[in-house]
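Please look over the structure below before reading the notes.

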Amino acid sequence: MGIERTLGDRKGRDFCELPKETITNSRSRRNRRRHKMPPVQILFETCKEVFASSGTGIVPPAQDIDKLQSVLDGIKPEDVDLRPDMPYFMANASHRRPKITYLHIYECEKFSMGIFCLPPSGVIPLHNHPGMTVFSKLLFGTMHIKSYDWVVDLPPQSPTIVKPSESQVPDLRLAKVKVDADFTAPCNPSILYPEDGGNMHVFTAVTACAFLDVLGPPYSDVDGRHCTYYTDYPFSNFSVEGLSIPEEDNNVYEWLQEKDQLEDLKVEGKMYSGPTIVEN
(Lines give C-alpha, C1' and ligand atoms only; values in the text may rest on other atoms or scores of the structure.)
Protein backbone atom coordinates (compact mmCIF):
# COMPACT_ATOMS: atom_id res chain seq x y z
CA MET A 1 0.00 0.00 0.00
CA GLY A 2 2.84 2.40 0.84
CA ILE A 3 4.65 1.60 -2.43
CA GLU A 4 1.51 2.18 -4.49
CA ARG A 5 0.90 5.52 -2.80
CA THR A 6 4.50 6.62 -3.49
CA LEU A 7 4.25 5.69 -7.17
CA GLY A 8 0.93 7.46 -7.42
CA ASP A 9 2.40 10.65 -5.93
CA ARG A 10 5.37 10.55 -8.31
CA LYS A 11 3.19 10.02 -11.35
CA GLY A 12 0.98 12.89 -10.25
CA ARG A 13 3.96 15.24 -10.00
CA ASP A 14 5.31 14.17 -13.40
CA PHE A 15 1.94 14.74 -15.01
CA CYS A 16 1.60 18.23 -13.57
CA GLU A 17 4.96 19.22 -15.03
CA LEU A 18 3.55 18.95 -18.56
CA PRO A 19 2.51 22.21 -20.24
CA LYS A 20 -1.12 23.08 -19.55
CA GLU A 21 -1.88 23.06 -23.27
CA THR A 22 -0.66 19.47 -23.52
CA ILE A 23 -2.81 18.40 -20.60
CA THR A 24 -5.89 20.13 -22.00
CA ASN A 25 -5.36 18.74 -25.51
CA SER A 26 -4.78 15.22 -24.17
CA ARG A 27 -7.96 15.32 -22.14
CA SER A 28 -9.91 16.79 -25.04
CA ARG A 29 -8.76 14.05 -27.41
CA ARG A 30 -9.60 11.36 -24.84
CA ASN A 31 -13.04 12.84 -24.24
CA ARG A 32 -13.72 13.06 -27.99
CA ARG A 33 -12.77 9.40 -28.42
CA ARG A 34 -15.11 8.41 -25.59
CA HIS A 35 -18.01 10.35 -27.05
CA LYS A 36 -17.65 8.35 -30.28
CA MET A 37 -17.76 5.00 -28.42
CA PRO A 38 -20.96 2.97 -28.04
CA PRO A 39 -22.29 3.34 -24.46
CA VAL A 40 -21.46 -0.29 -23.63
CA GLN A 41 -17.85 0.29 -24.73
CA ILE A 42 -17.68 3.37 -22.48
CA LEU A 43 -18.99 1.18 -19.67
CA PHE A 44 -16.26 -1.37 -20.36
CA GLU A 45 -13.51 1.27 -20.39
CA THR A 46 -14.85 2.76 -17.15
CA CYS A 47 -14.92 -0.66 -15.49
CA LYS A 48 -11.29 -1.20 -16.49
CA GLU A 49 -10.35 2.00 -14.67
CA VAL A 50 -12.59 1.55 -11.64
CA PHE A 51 -11.65 -2.07 -10.98
CA ALA A 52 -7.98 -1.85 -11.97
CA SER A 53 -6.92 -2.46 -8.36
CA SER A 54 -9.93 -4.52 -7.33
CA GLY A 55 -9.76 -7.69 -5.30
CA THR A 56 -11.82 -9.62 -2.80
CA GLY A 57 -13.27 -7.19 -0.28
CA ILE A 58 -11.71 -4.12 -1.91
CA VAL A 59 -14.19 -1.29 -2.54
CA PRO A 60 -13.30 1.24 -5.27
CA PRO A 61 -12.80 4.87 -4.17
CA ALA A 62 -15.94 6.99 -3.86
CA GLN A 63 -15.13 9.08 -6.94
CA ASP A 64 -14.74 5.92 -9.03
CA ILE A 65 -18.05 4.56 -7.75
CA ASP A 66 -19.74 7.83 -8.73
CA LYS A 67 -18.12 7.67 -12.18
CA LEU A 68 -19.30 4.13 -12.88
CA GLN A 69 -22.75 4.84 -11.48
CA SER A 70 -23.05 7.84 -13.80
CA VAL A 71 -22.09 5.77 -16.86
CA LEU A 72 -24.53 3.01 -15.92
CA ASP A 73 -27.28 5.55 -15.37
CA GLY A 74 -27.05 6.54 -19.04
CA ILE A 75 -27.32 3.00 -20.45
CA LYS A 76 -30.63 2.36 -22.27
CA PRO A 77 -32.11 -0.94 -23.52
CA GLU A 78 -31.36 -0.02 -27.14
CA ASP A 79 -27.69 0.48 -26.23
CA VAL A 80 -27.42 -3.26 -25.58
CA ASP A 81 -29.88 -4.30 -28.31
CA LEU A 82 -32.74 -5.22 -25.96
CA ARG A 83 -36.48 -4.91 -26.59
CA PRO A 84 -39.35 -5.94 -24.28
CA ASP A 85 -40.91 -7.99 -27.12
CA MET A 86 -37.97 -10.43 -27.26
CA PRO A 87 -38.68 -14.12 -26.48
CA TYR A 88 -36.72 -13.86 -23.20
CA PHE A 89 -39.54 -11.79 -21.70
CA MET A 90 -42.57 -13.83 -22.74
CA ALA A 91 -44.97 -14.76 -19.94
CA ASN A 92 -45.00 -18.41 -18.89
CA ALA A 93 -48.38 -20.11 -19.38
CA SER A 94 -47.52 -22.95 -16.98
CA HIS A 95 -47.51 -22.73 -13.19
CA ARG A 96 -43.81 -23.40 -13.05
CA ARG A 97 -41.34 -20.65 -12.23
CA PRO A 98 -40.30 -19.06 -15.54
CA LYS A 99 -36.82 -19.42 -16.97
CA ILE A 100 -34.26 -16.62 -16.58
CA THR A 101 -31.97 -15.70 -19.49
CA TYR A 102 -28.43 -14.41 -18.97
CA LEU A 103 -26.64 -12.49 -21.72
CA HIS A 104 -22.90 -12.59 -21.12
CA ILE A 105 -21.14 -9.39 -22.22
CA TYR A 106 -17.65 -9.61 -20.75
CA GLU A 107 -15.63 -11.16 -17.91
CA CYS A 108 -12.05 -10.98 -16.72
CA GLU A 109 -10.41 -11.55 -13.33
CA LYS A 110 -11.22 -7.97 -12.30
CA PHE A 111 -14.89 -7.58 -13.26
CA SER A 112 -17.79 -9.01 -15.23
CA MET A 113 -20.67 -7.48 -17.21
CA GLY A 114 -23.92 -9.20 -18.12
CA ILE A 115 -27.67 -8.81 -18.47
CA PHE A 116 -30.39 -10.81 -16.73
CA CYS A 117 -33.70 -11.05 -18.60
CA LEU A 118 -36.76 -11.96 -16.52
CA PRO A 119 -40.29 -12.75 -17.73
CA PRO A 120 -43.17 -11.72 -15.44
CA SER A 121 -42.91 -13.54 -12.07
CA GLY A 122 -39.33 -14.56 -12.80
CA VAL A 123 -37.22 -14.85 -9.65
CA ILE A 124 -33.50 -14.77 -8.97
CA PRO A 125 -33.43 -16.40 -5.52
CA LEU A 126 -31.84 -14.92 -2.42
CA HIS A 127 -28.06 -15.10 -2.85
CA ASN A 128 -24.88 -13.35 -1.73
CA HIS A 129 -21.91 -11.56 -3.31
CA PRO A 130 -18.93 -12.39 -1.07
CA GLY A 131 -16.14 -9.81 -1.17
CA MET A 132 -17.70 -8.06 -4.19
CA THR A 133 -18.96 -4.61 -5.12
CA VAL A 134 -22.02 -4.92 -7.37
CA PHE A 135 -23.73 -2.36 -9.60
CA SER A 136 -27.19 -3.17 -11.00
CA LYS A 137 -29.03 -1.05 -13.56
CA LEU A 138 -32.71 -1.77 -14.25
CA LEU A 139 -33.07 -1.28 -18.01
CA PHE A 140 -36.86 -1.59 -18.25
CA GLY A 141 -39.84 -2.99 -16.38
CA THR A 142 -40.74 -3.23 -12.70
CA MET A 143 -38.84 -5.39 -10.25
CA HIS A 144 -39.21 -6.10 -6.54
CA ILE A 145 -35.91 -6.10 -4.68
CA LYS A 146 -35.44 -7.42 -1.17
CA SER A 147 -31.95 -7.22 0.26
CA TYR A 148 -30.20 -8.00 3.55
CA ASP A 149 -26.99 -7.46 5.46
CA TRP A 150 -25.74 -9.63 8.29
CA VAL A 151 -26.44 -8.17 11.72
CA VAL A 152 -23.17 -7.06 13.33
CA ASP A 153 -24.22 -4.07 15.45
CA LEU A 154 -26.01 -5.77 18.35
CA PRO A 155 -24.38 -5.95 21.79
CA PRO A 156 -21.65 -8.64 21.93
CA GLN A 157 -23.69 -10.88 24.23
CA SER A 158 -26.63 -10.98 21.78
CA PRO A 159 -26.68 -14.31 19.92
CA THR A 160 -27.18 -13.93 16.17
CA ILE A 161 -26.84 -17.60 15.18
CA VAL A 162 -29.37 -20.38 15.79
CA LYS A 163 -28.31 -24.03 15.62
CA PRO A 164 -31.26 -26.22 14.55
CA SER A 165 -31.97 -29.32 16.58
CA GLU A 166 -31.63 -31.52 13.49
CA SER A 167 -28.09 -32.66 12.80
CA GLN A 168 -26.36 -31.72 9.54
CA VAL A 169 -28.73 -28.80 8.95
CA PRO A 170 -27.13 -25.40 8.33
CA ASP A 171 -27.25 -22.79 11.08
CA LEU A 172 -29.60 -19.85 10.83
CA ARG A 173 -28.02 -16.40 10.98
CA LEU A 174 -29.68 -13.11 11.80
CA ALA A 175 -29.89 -10.56 8.97
CA LYS A 176 -31.36 -7.10 8.68
CA VAL A 177 -33.60 -6.06 5.81
CA LYS A 178 -32.07 -3.13 3.90
CA VAL A 179 -34.50 -2.80 0.98
CA ASP A 180 -37.95 -4.28 0.39
CA ALA A 181 -39.64 -2.38 -2.43
CA ASP A 182 -40.67 -2.22 -6.07
CA PHE A 183 -38.49 -0.36 -8.56
CA THR A 184 -39.59 0.79 -12.01
CA ALA A 185 -37.23 1.88 -14.79
CA PRO A 186 -35.89 4.47 -15.24
CA CYS A 187 -34.39 4.56 -11.76
CA ASN A 188 -30.95 5.03 -10.23
CA PRO A 189 -28.52 2.09 -10.39
CA SER A 190 -28.24 0.19 -7.14
CA ILE A 191 -24.88 -0.50 -5.47
CA LEU A 192 -24.04 -3.09 -2.87
CA TYR A 193 -20.76 -3.55 -1.07
CA PRO A 194 -18.88 -6.54 0.39
CA GLU A 195 -20.15 -5.88 3.92
CA ASP A 196 -23.18 -3.60 3.54
CA GLY A 197 -25.70 -2.05 1.19
CA GLY A 198 -27.68 -5.30 0.88
CA ASN A 199 -24.99 -7.84 -0.03
CA MET A 200 -27.64 -10.58 -0.12
CA HIS A 201 -30.68 -9.99 -2.30
CA VAL A 202 -33.55 -11.56 -4.20
CA PHE A 203 -35.03 -10.15 -7.44
CA THR A 204 -38.66 -10.78 -8.43
CA ALA A 205 -40.04 -9.56 -11.76
CA VAL A 206 -43.34 -7.73 -11.26
CA THR A 207 -43.47 -7.22 -15.02
CA ALA A 208 -41.08 -8.40 -17.71
CA CYS A 209 -37.79 -6.67 -16.96
CA ALA A 210 -34.06 -6.68 -17.58
CA PHE A 211 -31.13 -5.47 -15.55
CA LEU A 212 -27.47 -4.96 -16.32
CA ASP A 213 -25.09 -6.34 -13.69
CA VAL A 214 -21.48 -5.26 -13.12
CA LEU A 215 -19.53 -7.27 -10.54
CA GLY A 216 -16.08 -6.43 -9.26
CA PRO A 217 -14.44 -8.82 -8.82
CA PRO A 218 -16.64 -11.56 -10.36
CA TYR A 219 -17.62 -14.85 -8.75
CA SER A 220 -14.72 -17.28 -8.56
CA ASP A 221 -14.72 -20.67 -6.86
CA VAL A 222 -10.93 -20.76 -7.07
CA ASP A 223 -10.64 -17.49 -5.14
CA GLY A 224 -13.31 -18.41 -2.60
CA ARG A 225 -16.04 -16.15 -3.97
CA HIS A 226 -18.79 -18.75 -4.11
CA CYS A 227 -22.43 -17.87 -4.73
CA THR A 228 -24.45 -19.06 -1.74
CA TYR A 229 -28.25 -19.26 -1.78
CA TYR A 230 -30.47 -18.80 1.27
CA THR A 231 -33.94 -19.43 2.63
CA ASP A 232 -35.39 -16.60 4.71
CA TYR A 233 -37.57 -17.03 7.81
CA PRO A 234 -39.49 -14.43 9.85
CA PHE A 235 -37.72 -13.33 13.02
CA SER A 236 -40.65 -14.55 15.14
CA ASN A 237 -40.20 -18.15 13.92
CA PHE A 238 -37.36 -18.71 16.38
CA SER A 239 -37.06 -17.74 20.02
CA VAL A 240 -33.46 -17.21 21.07
CA GLU A 241 -32.52 -16.75 24.70
CA GLY A 242 -30.56 -13.55 25.24
CA LEU A 243 -31.68 -11.94 21.98
CA SER A 244 -34.03 -9.02 22.47
CA ILE A 245 -35.42 -6.97 19.60
CA PRO A 246 -38.18 -4.33 20.04
CA GLU A 247 -41.45 -5.81 18.82
CA GLU A 248 -41.98 -2.98 16.33
CA ASP A 249 -38.64 -3.89 14.71
CA ASN A 250 -39.38 -7.59 14.33
CA ASN A 251 -40.19 -7.21 10.63
CA VAL A 252 -36.80 -5.56 10.02
CA TYR A 253 -34.93 -8.73 11.05
CA GLU A 254 -35.10 -12.20 9.50
CA TRP A 255 -33.23 -15.49 9.80
CA LEU A 256 -31.30 -16.74 6.77
CA GLN A 257 -30.26 -20.34 6.23
CA GLU A 258 -28.00 -21.64 3.49
CA LYS A 259 -29.69 -23.95 1.01
CA ASP A 260 -28.10 -26.51 -1.29
CA GLN A 261 -30.83 -27.36 -3.77
CA LEU A 262 -32.36 -24.92 -6.26
CA GLU A 263 -34.64 -27.18 -8.27
CA ASP A 264 -36.85 -24.27 -9.35
CA LEU A 265 -34.07 -22.03 -10.69
CA LYS A 266 -33.46 -22.23 -14.44
CA VAL A 267 -30.96 -19.84 -15.98
CA GLU A 268 -30.19 -20.20 -19.68
CA GLY A 269 -27.22 -18.50 -21.28
CA LYS A 270 -27.80 -16.79 -24.62
CA MET A 271 -25.58 -14.86 -26.99
CA TYR A 272 -25.37 -11.14 -26.33
CA SER A 273 -26.30 -9.38 -29.60
CA GLY A 274 -25.43 -5.78 -28.73
CA PRO A 275 -22.32 -3.80 -29.71
CA THR A 276 -19.16 -5.88 -29.41
CA ILE A 277 -16.64 -5.01 -26.70
CA VAL A 278 -13.30 -4.00 -28.18
CA GLU A 279 -10.32 -4.77 -25.93
CA ASN A 280 -7.44 -2.38 -26.47
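The points below go from the whole protein to single residues.

This is a predicted model, in which local features need pLDDT of at least 70 and side-chain atom pairs count only at pLDDT 80 or more, while totals for chains, interfaces and linings use all residues. Residues are numbered from 1 along each chain as its sequence is written, and side-chain values use heavy atoms, with hydrogens and water left out.

**Overall make-up**

- The protein has four helices and 13 strands; helices (H or I, at least four residues) and strands (E, at least two) are DSSP runs, numbered from the N terminus.
- Of the 280 residues in the protein, 42% are buried; buried means under 20% relative accessible area, exposed over 50%, and partly exposed in between, with a 1.4 Å probe and protein chains only.
- The accessible surface comes to about 16100 Å², and 51% of that belongs to carbon and sulfur atoms; such areas come from the Shrake-Rupley method with a 1.4 Å probe, and for residues only the protein chains shown count as cover.
- Among contacts (heavy atoms within 4.5 Å) between residues at least 6 apart in sequence, 81% join residues at least 24 apart.

**Nonpolar cores**

- A nonpolar core is a set of buried Ala, Val, Leu, Ile, Met, Phe, Trp, Tyr and Cys residues joined through side-chain atoms within 4.5 Å.
- The largest such core has 34 residues, and Leu82, Met113 and Ile115 have the most contacts inside it.
- Two or more residues of this core come from each of helices H3 (39-50) and H4 (62-73) and strands E1 (100-107), E2 (112-118), E4 (133-140) and E10 (209-216).
- H3 gives the largest share of this core, six residues.
- Another core, of 12 residues, lies apart from it and includes Ile124, Leu138, Ala205 and Cys209.
- Ile115 touches, among others, Val80, Leu82, Leu103, Leu139, Phe211 and Tyr272, not counting residues up to four places away in sequence.

**The six-strand sheet**

- Six strands form an open sheet in the order E8-E4-E10-E2-E1-E13, with mixed pairing; two strands pair if DSSP finds at least two bridges between them.
- Strands E8 (190-192) and E13 (267-271) stand at the edges with a single partner strand each, so one side of each has no neighbour in the sheet.
- From one strand to the next, the twist averages 25°.
- E4 and E8 pair in the antiparallel sense over three bridges, and Val134 stands opposite Leu192 in E8.
- H3 lies across E1, E2 and E10, at about 135° to E2; axes are lines fitted to C-alpha atoms, for helices over the stretch in contact, and angles run from 0 to 180 degrees between N-to-C directions.
- H4 lies across E4, E8 and E10, at about 20° to E4.

**Strand E7 and its partners**

- E5 and strand E7 (residues 172-184) run antiparallel and are joined by nine bridges, with Trp150 opposite Ala175 in E7.
- Strand E6 (residues 161-162) pairs with E7 in the antiparallel sense over two bridges, and Ile161 stands opposite Arg173.
- E7 also pairs antiparallel with strand E12 (residues 253-259) over five bridges, where Lys176 stands opposite Tyr253.

**Lys146**

- Lys146 lies in strand E5 (residues 142-150) and counts as buried because its relative accessibility is 15%.
- Residues that Lys146 touches include Asp180, His201, Asp232 and Glu254, not counting residues up to four places away in sequence.
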